[in-house]
Every structure is written in structure tokens, then in C-alpha cells.
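Hi,

Here is the structure I promised to pass on.

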Amino acid sequence: MEDDYLVRIGKLIRDARQHRGWTQTQLADALGTSQSAVNRIERGNQNISLEMIARIGEALDSEIVSLGYAGPMHLRVVGGRRLSGSIDVKTSKNACVALLCATLLNKGRTVLRRVARIEEVFRLLEVLSSIGVRTRWINDGVDLEIIPPAELDLASIDADAARRTRSIIMFLGPLLHRTDQFTLPYAGGCDLGTRTIEPHMIALRRFGLEIAATDGLYHAQVDHSVTPDRPIVLTERGDTVTENALLAAARHDGTTIIRNASSNYMVQDLCFFLEALGVQVEGVGTTTLTVHGVPRIDVDVDYFPSEDPVEAMSLLAAAVVTESELTIRRVPIEFLEIELAVLEEMGVDCARTPEYAADNGRTRLVDLTVRPSKLEAPIDKIHPMPFPGLNIDNVPFFAAIAASAHGQTLIHDWVYDNRAIYLTDLNRLGGRLQLLDPHRVLVEGPTRWRAAEMMCPPALRPAVVVLLAMMAAEGTSVLRNVYVINRGYEDLAERLNSVGAQIEIFRDI
């Protein structure tokens, strides 16, 4: 019995390692052990402690075993079912994590309404709590209250939680106003290839921040005599880079101009929140932001984050690949207009209501009804562009949609190193996807999806794409170790079940 238990754990570790693209030697180096020890663990030939399992899970960013539960979460999907009815879009994951970081600017009480209860948020709350910030769910767990301490205890930061979220990088902007020096763990998150923080540093050096990276830590020093004397030009139009520059500018006593700024949905939500804090931001929705900073912010504020356009795209894709009629409510239409234009070119039958305002009073929403459609491959390739172009996080959903269309579709993800590779996991479910290089994949459709049991890809959006294909496949599929999906989606299985899916959550260790 014990041997069987070890074999099952070893298989989970092997699958997680292979999905990350690591060799046994690379995992051994991360753990400070030998390749032969890793080999014995994966074959089930070595006793292994919970501490070692936790270390392996951290190294692979994969929930091998979850303490307090029976084991990692899996999904059993009975596919081939049609969806029907209506489903609401939840608040934006990426906006919520940016706003949690932004609460470090404020000495007063912040209440964020209808915050998504997802693993990414939980990790940030663990980090905030560890440095002395009081956080609690209120109003039956719907809203989140954040009250900062007079002084942050940065020496006590929860490094394990910090390393499991890339959002920790957005602590740099707020913290440079609060202390002369501090240390942060390296940022983690999805495994999407190498991503440098140099664009962040180019922007934040203008506020006196210098960082030395050693031993898995960012060691920050701040020279408060340094302030921007000319516009800050971002070297990449990235969302988190723009947010970090905004967070730094918010408490700079003066006017900061940020050029080549992202105008994406989470950046706009952050700008609206900063305005609620008393920071004037001009140019919201454009690539040039002018920030009139406030050196001290001490206000009690309530704010409603807007709905998530990527979740809306996920639900839209679910309807398309399962050939269903489904109404998706509270869709932030401004951030899906290009995607809808491409889908309409492919033949998707989609109706929308007149626009109405989100609870933040600024974001434009509609309700979309998707109907079964005969799809044709688009003439042009699918590729992301900075807003108002097609959103990078929506590109993976086009892999499943293109697999449902007649003809060939070229998908070019020029941003991330690994994500196109993960999309080829759809081949295990009957897809015909040809990887041309690490950034391009050719999708042949239509697809007769078939059930399969497989490990969850270690990247959020490809993982959800695999789940959607399983929903379309006749028979019963199993998707193992879905922690990465829980990082970005709240109760996704239960919500899909509410509109006709049949997805069972289970654990097996």
C-alpha cells in the first residue's frame, strides 16, 4: 500500500516536472539534491516527507499535495453536454491584484467590493498579513477590507507566498515611498518563459530605486532625493510595468508623465482607484498618462473593481466549443471588441445588449448571447497586440475555437516563450495542432474531440483551454492538479455546472 502511494506521488511529480520543461537534473539543482534521488522519487522507490513534497511543489509551482486536504485538486469532466442559460462575469483577477498592491499607498481603510476569491488573491493576502496589514472578508465573504499598520514589518514577509505570485513585483512602486531599503522575494506565477524586470527598473530608477538581485531576493535601496525631471518612457508597453510606474508616481510630490503606457483594463481600473484616493490621473485609456501625485494618502475608500474581460472570453469560448447557446452577462465590451470582430469574421453568431455602466461608474458593460455557429478559419493569423488590440491573455482561447472551425488557423504568440507549446496539449484530446516554433502554432479544424486523462498545463489560460476542450469531448476526461486554474478563476467548475456542464472536483491522495 505504501509503495503504491509513493508511486502515485512520484508520477505526479514527474508529470509536473515534464510540464514545466525541466530535466531531473534541473529539479535536483532547485532542491539541492542529486539527479539520482529525483529519479528514485519519481519511480516511487524512495520515502519522501511532506516537507520535501512541499519543496518540490514550490520549485515546480505545482500543488503536489495540499496540507489540510486529501491531496491536490483534480477535475473529472463528462463532456459532450450543451450549456444553456446565463452566467455572470466575475471581477477582474488582474485588476484585483493591482488594487491590493495599491492599498499600500493608503494610510486609511480600503474596501474592495466583490473581490475574486482566487489563489492569486489569497497569496497576496498572505503576504500583506505577514507584513502587518489587517485584511478580512466582510459582508458574507463578498468584500475585502484592508487596513494598513502605521509601520510595515517587511522583515517578516511571507517569502513562500510571495514567490508563488508574480504580482509581488508591484510592491516595488508603493514601497519605495515608505522606506529607504527593503527586500522582496523573486516574483513567481505562471511558467511562461523568462521574463525580465528590467523595464520596471528603468521606470523606477527615475524615483531613486536601485535593486541588486541575489540569492532569490530583490535588495532595494531608495534615494529619495531622486525624482523624475522629464517624462518617463517605458521600454515596453506592459501592464505591470505601467502599474508599477503609476504606483510610484501616485505619492510623488509633483507631476509625472508616463509615455508608452499600457491602456489595458487593469491599468484603467488602477487609475480609477488612484483617483478615488485623491490622485489626479489624466489620459486614462491612452498611452500617455499624467499623474499629479499626493505625498500623503490617508482616506477611507470603497471601490468596485470592474469585470474581467479574459474570464468573459473564457466563457464565450466555452459556449463556442460546446456548440451551445449561452448568455454571458456583465461583459466589459471595450476590452473585447477586437476579439468579437475576429469571431464574427469566423462566423460566430453573437448578439449583444445596449451598453450599461459597471459599478465603478466608468467601465462599459454589455450582455452577450452566443449561439451555435458554423465556423470558418480566419483569413489572417491570430496574434496579440497592446490594447486596443487583441488581448495577449485571450490568444489561447482561439486555439480551441480555431480547432472547432473549418480550415487552418495560424496563432502567433510573440510575447511568451512557452505558451504556444502548452497549447499542443490539445492534441491529447484529438486536436491537430502543429508547433512551428516556440511562438507559433498551426491549428487544423474541425476537431472531433475525444476524452483523455492528463496533467494540467502550468500556465493559467492554456489550462482553461484544455478544460474547455474536455467539456466538448464525448466521454469522461480527467484534468489533474488544477491549482493553476484556481489561481485565476473563482469556483469555475461549479459555475460551469450551473449552466449545464458536468464537472466533478476530487482529490486522490
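Let me start with the charged residues: Arg114, Glu307, Arg330 and Asp359 are linked in a network of salt bridges, a salt bridge being a side-chain nitrogen of Lys or Arg within 4 Å of a carboxyl oxygen of Asp or Glu. Before I go on, the ground rules: this is a predicted model, so local features need pLDDT of at least 70 and side-chain atom pairs count only at pLDDT 80 or more, while totals for chains, interfaces and linings use all residues. Residues are numbered from 1 along each chain as its sequence is written, and side-chain values use heavy atoms, with hydrogens and water left out.

The structure holds 28 salt bridges. One of them joins the side chains of Arg113 and Asp143, at 2.7 Å from N to O. Arg113 sits in the loop between β3 (110-112) and α6 (119-130), and Asp143 is 30 residues away in strand β5 (residues 143-147), so the pair links distant parts of the chain. (Helices, H or I with at least four residues, and strands, E with at least two, are DSSP runs numbered from the N terminus.) Both Arg113 and Asp143 are buried; here buried means under 20% relative accessible area, exposed means over 50%, and partly exposed is in between, using a 1.4 Å probe and protein chains only.

Another salt bridge brings together the side chains of Glu120 and Arg487, again with 2.7 Å from N to O. Glu120 is in helix α6 and Arg487 in helix α17 (residues 483-488), 367 residues apart. Glu120 counts as buried because its relative accessibility is 2%, and Arg487 is buried too, with a relative accessible area of 4%. For Arg205 and Glu198, the closest N and O atoms of the salt bridge are 3.0 Å apart. Arg205 is partly exposed at 32% relative accessible area, and Glu198 is partly exposed at 34%.

On to the overall layout. The chain is divided into domain 1 (1-60), domain 2 (73-90 + 307-507) and domain 3 (93-303), with bounds from an automatic or database domain assignment. The C-alpha centres of domain 2 and domain 3 lie 29 Å apart.

Now the inside. A nonpolar core is a set of buried Ala, Val, Leu, Ile, Met, Phe, Trp, Tyr and Cys residues joined through side-chain atoms within 4.5 Å. The largest one has 151 residues, and Phe171, Leu479 and Ile485 touch the most other members. Helix α16 (residues 460-472) supplies the largest share, 11 residues. Domain 2 and domain 3 each give this core at least three residues. Leaving aside neighbours within four places in sequence, Ile485 is in contact with Cys456, Leu460, Ala463, Val464, Leu479 and Leu492. A second, separate core of 17 residues includes Val38, Ile56, Leu60 and Met455.

Trp414, in the loop between β18 (407-412) and α15 (419-423), is partly exposed, with a relative accessible area of 41%. Arg8, in helix α1 (residues 2-20), counts as partly exposed at 33% relative accessibility. Arg8 and Pro295 are 287 residues apart in sequence and 55 Å apart in space, C-alpha to C-alpha.

Cheers

Note on methods: Contact means heavy atoms within 4.5 Å.
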